[in-house]
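These are my notebook entries on a single protein chain.

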Amino acid sequence: DYIVTRNGSKEYQKCKYLRTMLDTKTDFKRRKILATTSMSNFKHVWESKHLPLRIKMRIFNACVAPVMLAGSELWTLSETLKKKINAFQRKLLRRILDIKWPKKISNVKIKEIIEYEEWSETVLKSQIRWYGHALRLPEDNDLLQEAPLYMQYVPRDLRHYCYTFFYDSIYNIKQSRKTLIM
């Protein structure tokens, strides 16, 4: 059991719920490792000269992207995290294109060669979709009833505090409902 309080410990960051770490930063690092492992499982596919790029991308989108993005709808998506997500995606795409150091290729060129949606946009869409599901929850749902108990700042580090995406979304849902009713 983990108790999250304003000045409590950061033990909750080690907690896993529904195959996802509760801390965005920890979960992102873990997902990168899992996605890299998934990529290496398909090494023979990426190195194949007989498979067209279209097929490689279908395999990538079916077997690597879901591993990376599972549970991402609850991540706190900052600009820094968006950049890290997209940079990691481009790193994996460079591996598919067999572009290794010291060869260089710009991000724009990768976008031209492979038409893809950036993972940060995919995460944002899944967050909006999650928000829509939560907005349609009945008023007497436990999640919305108990949300005020948890509407407190969660410590991120010693300098500043911020809401997690989850609690911020619950607050927005309640505000949206008040606006819709008025």
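The entries below follow that order.

Basis. I worked from a predicted model, in which local features need pLDDT of at least 70 and side-chain atom pairs count only at pLDDT 80 or more, while totals for chains, interfaces and linings use all residues. Residues are numbered from 1 along each chain as its sequence is written, and side-chain values use heavy atoms, with hydrogens and water left out.

Fold. I found 9 helices and 4 strands in the protein chain, taken as DSSP runs (helices H or I, at least four residues; strands E, at least two) numbered from the N terminus. From the N terminus I read the order β-β-α-α-α-α-α-α-α-α-β-β-α.

Contacts. I took a contact as heavy atoms within 4.5 Å. Of the contacts between residues at least 6 apart in sequence, 64% join residues at least 24 apart.

Surface. I noted an accessible surface of about 12,300 Å², with 56% of this belonging to carbon and sulfur atoms; the areas come from the Shrake-Rupley method with a 1.4 Å probe. Of the 182 residues, 33% count as buried, meaning under 20% relative accessible area.

Confidence. The mean pLDDT (the predictor's confidence in each residue, from 0 to 100) is 76, and 63% of the residues reach 70 or more. Over residues 147-163 pLDDT stays under 50, and the model has 34 contacts beyond four places in sequence for this segment. Where pLDDT is low, the predicted coordinates should not be read in detail.

Arg90. I located Arg90 in helix α5, residues 79-96. Why does Arg90 count as buried? Arg90 does so because its relative accessibility is 15%. Leaving aside residues up to four places away in sequence, I listed Asn107, Ile110, Tyr116 and Glu118 as touching Arg90.

Notes. Buried < 20%, exposed > 50% of the residue type's maximum accessible area, 1.4 Å probe, protein only.
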